[in-house]
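Trainee: I have some labels to check. Can we test each one against its cut-off?

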Amino acid sequence: MVKLFVEGGGDNDSLKTECRRAFTRLLERAGFAGRLPRLVACGGRQKAFKQLCTALGDGSRTDLAILLVDAEGPVTQGSPWEHVAQHPDDEWSRPDGASDDCLHFMVQCMEAWLVADRRALRDFYGQGFHDNALPPATGRLEAVAKADLHRKLEQATRDTKTRGTYDKSKHSFALLAALDPKLVRQASPWAERFFATLDRLMK
């Protein structure tokens, strides 16, 4: 069994449920229907890392454990473990038995995946949504800073009438569930790495 530990949901049980449902829907749309990993919404990133370490250290040889988190900054290292080891808010040591396959990034933050699919955003927010406020949906979205992504999403949605300005706790999981995974993979090499690795491991 593949266990996928995901950063998201905070300390709120209902949000964790929304997080699991959103990632399940996204993976189904990506072709994983019928072979989904066991999804665990962990809340904060430190809790997600601890749950990964527990899974890797429980002595099981039948389960594979994967961690999906925000990078929280530009990824300049070749190995994802080198990135989190050097990131001042993490300084995580690679757990025993963990390969590079065990750690993946939603680039600097999950919002990078959201801006990759403009149609999903337009359909969700409706009239008043401004595409031109967003960074380009092609190329390396991981180069866009977390603060910039949040600011640009707020600018793009501030004139919408139905949903209002982008609110992470209210909007992010509904948007995640509506994304076209192909567009996300095209826009981000780190997203492509995640989906390709999961596909290989699930086989």
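Mentor: Keep in mind that this is a predicted model. Start with E28, which forms a salt bridge with R25.

Trainee: What makes E28 and R25 a salt bridge?

Mentor: Their closest N and O atoms are 3.9 Å apart. The cut-off is within 4 Å, for a side-chain nitrogen of Lys or Arg and a carboxyl oxygen of Asp or Glu. So the pair qualifies.

Trainee: Where do E28 and R25 lie?

Mentor: Both are in helix α1, residues 13–32. They are three residues apart, about one turn of the helix.

Trainee: Why is E28 called partly exposed?

Mentor: Its relative accessible area is 32%. Buried means under 20% and exposed means over 50%. E28 falls in between, so the label is partly exposed. R25, at 38%, is also partly exposed.

Trainee: How do you know that E72 and R45 form a salt bridge?

Mentor: The closest N and O atoms of E72 and R45 are 3.9 Å apart. That is within 4 Å, so the name applies.

Trainee: What does the E72 and R45 pair tie together?

Mentor: E72 sits in the loop between β3 (64–69) and α3 (80–86). R45 belongs to helix α2, residues 45–56. The pair therefore ties together parts that are 27 residues apart in sequence.

Trainee: Is R45 buried or exposed?

Mentor: R45 has 11% relative accessibility. The limit for buried is under 20%, so R45 counts as buried. E72 is at 24%, so E72 is partly exposed.

Trainee: Which residues are linked with E72 and R45 in a network of salt bridges?

Mentor: E7, D90 and K146 are linked with them. The structure holds 14 salt bridges.

Trainee: What makes D199 and K203 a salt bridge?

Mentor: The closest N and O atoms of D199 and K203 are 3.4 Å apart. That is within 4 Å, so this pair passes too.

Trainee: Why do D199 and K203 get separate accessibility labels?

Mentor: K203 has a relative accessible area of 75%, which is over 50%, so K203 is exposed. D199 is at 22%, so D199 is partly exposed.

Trainee: Why is strand β1 called mostly covered?

Mentor: Five of its five residues, 2–6, are buried. Both faces are covered. V2, L4 and V6 are on one side, with K3 and F5 on the other. In a regular strand the side chains alternate between the two faces of the sheet.

Trainee: How do you know that β1 pairs with β3?

Mentor: Pairing takes at least two bridges. Five bridges join β1 to β3, so they pair, and they run parallel. K3 stands opposite A65 in β3.

Trainee: How many bridges join β1 and β2?

Mentor: Four, also in the parallel sense. One partner pair is L4 with L39 in β2. Together, β1, α1 and β2 make a right-handed β-α-β unit.

Trainee: What lines the second largest pocket?

Mentor: The lining includes E7, D70, M106 and F173. Helix α7, residues 168–178, gives the largest share, four residues. The pocket has a volume of about 180 Å³.

Trainee: How do the lining residues of the second largest pocket divide?

Mentor: Four are nonpolar, five polar and three charged.

Conventions:
Residues numbered from 1 in each chain as written. Predicted model: local features only at pLDDT ≥ 70, side-chain atom pairs only at ≥ 80, totals over all residues. Heavy atoms only, no water. 1 Å grid on protein atoms, 1.4 Å probe; cavity = no way out; pocket = protein on both sides within 12 Å on 5 of 7 lines; lining within 4 Å. Points joined across faces, edges and corners; volume = space filled by probe spheres on them. Helix = DSSP H or I, 4+ residues; strand = E, 2+ residues; numbered from the N terminus. Nonpolar A, V, L, I, M, F, W, Y, C, P; charged D, E, K, R; others polar. Buried < 20%, exposed > 50% of the residue type's maximum accessible area, 1.4 Å probe, protein only. Right-handed = clockwise from strand over helix to strand, strands pointing away.
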